Amino acid sequence: MISEWRRLVFTMDELATAILHYLLSTSKIGEKESLGRIAINGEDDLQVSIVIKGGEKPEGRMLELKSEILGALLLTHCIRSKIPVAKRAKKSIIRHEDKLALVLSID
């Protein structure tokens with residue numbers, strides 16, 4: 001049986017755009033707030049730490065997104081950007097160098 005494997009690597013700008021859309025749609029960021037530093041943490045259980053600036057605290061506030069949320073927001077970004085993604089593909093996220101990648105595999 002033939003199997004297919006794709007890796008979609010997201011630049012930090014694309015990751016920031018996907019995160020911003022997620023935060024706005026879930027009301028986790030205010031109108032006057034903006035994204036600051038984004039850091040990818042962990043190896044097996046990936047997380048993203050984000051500094052959100054422009055709020056009540058001058059140094060900003062910290063927000064962490066776990067791998068399940070990251071996978072969902074990257075997939076949503078692909079759909080918005082009209083990047084074809086197979087519905088039946090197994091989806092996971094990995095670290096690729098200093099970026100995040102969405103891995104799609106079909107067995």
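Predicted model: local features only at pLDDT ≥ 70, side-chain atom pairs only at ≥ 80, totals over all residues.

Colleague: OK, and how many helices and strands are in the chain?

Modeller: You'll find two helices and six strands. Reading along the sequence, they come in the pattern β-α-β-β-β-α-β-β.

Colleague: What does the C-alpha trace span along its principal axes?

Modeller: About 55 × 25 × 20 Å. The accessible surface of the chain is about 7000 Å², and carbon and sulfur atoms account for 52% of that.

Colleague: And what share of the residues is buried?

Modeller: Of the 107 residues in the chain, 36% are buried. As for contacts, take the ones between residues at least 6 apart in sequence: 47% of them join residues at least 24 apart.

Colleague: Let's switch to helix H1. What span should it have, going by its residues?

Modeller: H1 covers residues 12–25, which is 14 residues, and at 1.5 Å a residue it should span 20 Å. Its end C-alpha atoms are 20 Å apart, so the model agrees with that.

Colleague: Which residues of H1 are buried?

Modeller: Leu15, Ala16, Ala18, Ile19, Tyr22 and Leu23. If you look down the axis of H1, those buried residues fall within an arc of 165°, so they line one face of the helix.

Colleague: Why would residues a few places apart point the same way?

Modeller: An α-helix has 3.6 residues a turn, so residues three or four places apart point the same way.

Colleague: Nice. What about the other side of H1, which residues are exposed there?

Modeller: Asp13 and Ser25 are exposed on that side.

Colleague: And what do the buried ones pack against?

Modeller: Quite a list: strands E2 (34–41), E3 (47–53), E4 (61–66) and E6 (99–106), plus helix H2 (67–80).

Colleague: Speaking of H2, I clicked on His77. Where is that, and is it buried or exposed?

Modeller: His77 is in helix H2. Its relative accessibility is 12%, and buried means under 20%, so His77 counts as buried.

Colleague: Which residues does His77 touch?

Modeller: Leaving out residues up to four places away in sequence, His77 touches Phe10, Glu14, Thr17 and Ala18. Take Thr17: it sits 60 residues from His77 along the chain, yet their C-alpha atoms are separated by 8.2 Å.

Colleague: Changing topic: what comes after H1, and what is its phi?

Modeller: H1 is followed by Ser27, with a positive phi near 60°. Ser27 is a residue other than glycine with a positive value there. You'll find Ser27 in the loop between H1 and E2.

Colleague: Is Ser27 buried or exposed?

Modeller: Exposed, with a relative accessible area of 64%.

Colleague: I also flagged Glu97. What is its phi, and where does it lie?

Modeller: Glu97 also has a positive phi near 60°, and it isn't a glycine either. Glu97 lies in the loop between strand E5 (90–96) and E6. At 61% relative accessibility, and with exposed meaning over 50%, Glu97 counts as exposed.

Colleague: Great, thanks!

Methods. Residues numbered from 1 in each chain as written. Heavy atoms only, no water. Helix = DSSP H or I, 4+ residues; strand = E, 2+ residues; numbered from the N terminus. Buried < 20%, exposed > 50% of the residue type's maximum accessible area, 1.4 Å probe, protein only. Contact = heavy atoms within 4.5 Å. Areas by Shrake-Rupley, 256 points an atom, 1.4 Å probe, with all protein chains shown as cover. Expected span 1.5 Å × (residues − 1). Arc of directions from axis to C-beta.
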